Amino acid sequence: MNINHHLDDATLMSYSAGSLSQGMALVVASHLAFCSACRERAEMNDAVGGVLLESLDAETIEDDMLAAILAQIDEPLERRIVEPRQAIPSLSDPEIPVPLNEYVSGPLDQLEWKRIVPGVAYYDMPWQGRGVSRLLRIAPGKSMLTHTHNGNELTLVLRGSFSDEVGRFCRGDIADLDDQIEHQPLVDSDEDCICLIATDAPLRFTTLFGKLVQPMTGF
Amino acid sequence: MNKRPPGDDVDNIIQLKQAEMASADWSNLLGHLAVKPDKRLYARLFSHFAPKVKAYIVRLGVALATAEELTQEVMLSVWRKAHMYHPEKAAASTWIFTLARNQSIDWMRKQKYPQYSLDEWSETASEPGQGEQKVLSDRIAAAIKLLPEKQAQVIYMSYFEGRSHGDIAGRLDIPLGSVKSRIRLASEKLKQIWGGDRYEH
């Protein structure tokens, strides 16, 4: 996959630190599933976590913990328990990145999209958080009102493309924006543009496509 | 790549006192555990890492009794998932950190922290330049100590307290953009060390 827009260093480091919201982490993990360059950077940030773990002063551990673990691993049925994996990639829609698999019920076209206005629909991720975490589906030629961000906003393109002042964003590209950026995204593909988005601030409808959405949802 | 055959150095490692073990030794030890379950090796790994894993979980803000339970779960998964560890891909401390991070977050949020596929680790394990993870860890440790205080502070708040950029901005009373630029500066310095060897020759 030819990816032109990558994750910001600050976002990647917070992902490895475990300090991103659920929604933001999902967008990051989904981009990493597409992008080997960012994956390598993520591995470096994981290594920073390892170094920091190693640097900590030891906390006292109960004397019997090791014995308890050794007893557990001796139970034959318990050994080598297969971790509950995310949905098996080979059975799922290749359009959907693996980390997103377990949160969507099927191919993108078969999701229960909720229409906001003609040409704009969304599908929410199944969790409550401070920010937004959803798929957005925008029809060709739709232009969004110019907006800025309150906090960080991540937009990963899964299908189609859009352009704004920053550049053109196609499948796999990520727009990693903060409140310094003002932009007006326009869907410039022949097909609908489907993006996975997340914000880390309480929703104030300054998000991508948000000004358009705001009057209709009554937030 | 770690070219030494399994078993070559394990007896040497066993002879070392706990305090003499370097990062690379722990990675070798976990590497042996990955190939062949061995409770004697596991016990050594446990006595080194379990107290640090607990310290990490406590710093995330988890109550002591729960931190004890979570530490036990993390250390149990070290045994159970050891076969997935690749010493050429990550230091032992890195691998154990990711287990501790994911399991702590899962517990605190009651939600699985979205991860990029660990299965892909094995596919990309032989990429050139990935071989010196264990040495790199020592160099990254040295580099973190040299970071300016303001940069180190945001790194600690991210990794040890699990704070978002917005949280950090609020607590330090600085703009969001400043938090991000401090993290970027720190990341840039660490990246030079990380990628330095690879691109020099």
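What share of the 201 residues of chain B count as buried? The answer is 39%. Keep in mind that this is a predicted model, and that it scores ipTM 0.87 and pTM 0.87.

**How confident is chain B?**
- Chain B has a mean pLDDT of 84, with 80% of its residues reaching 70 or more.
- One stretch to treat separately is residues 119–130 of chain B, where pLDDT stays under 50. For those residues the model has 11 contacts beyond four places in sequence.

**What chain B is built from**
- Take the contacts in chain B between residues at least 6 apart in sequence: 65% of them join residues at least 24 apart.

**The sheet in chain A**
- Over in chain A, 6 strands make up an open sheet with antiparallel pairing, in the order 1-2-3-9-4-7.
- At the edges sit strand 1 (114–117) and strand 7 (174–177) of chain A, each pairing on one side only.
- On average, neighbouring strands of this sheet are turned by 25° against each other, direction ignored.

**A closer look at one strand pair**
- Strand 2 (residues 120–124) and strand 3 (residues 133–138) of chain A run antiparallel and are joined by 5 bridges.
- To spot this pair on screen, look for A:Asp124, which stands opposite A:Arg134 in strand 3 of chain A.

Conventions:
Residues are numbered from 1 along each chain as its sequence is written. Chains are lettered from A and ligands numbered from 1 in the order in which they are written. This is a predicted model: local features need pLDDT of at least 70, side-chain atom pairs count only at pLDDT 80 or more; totals for chains, interfaces and linings use all residues. pLDDT is the predictor's confidence in each residue, from 0 to 100. Two residues are in contact if their C-beta atoms, placed from the backbone, lie within 7 Å. A residue is buried if 20 or more other C-beta atoms lie within 10 Å of its own, exposed if 12 or fewer, and partly exposed in between; C-beta atoms are placed from the backbone. Two strands pair if DSSP finds at least two bridges between them. Helices (H or I, at least four residues) and strands (E, at least two) are DSSP runs, numbered from the N terminus. Axes are lines fitted to C-alpha atoms, for helices over the stretch in contact, and angles run from 0 to 180 degrees between N-to-C directions.
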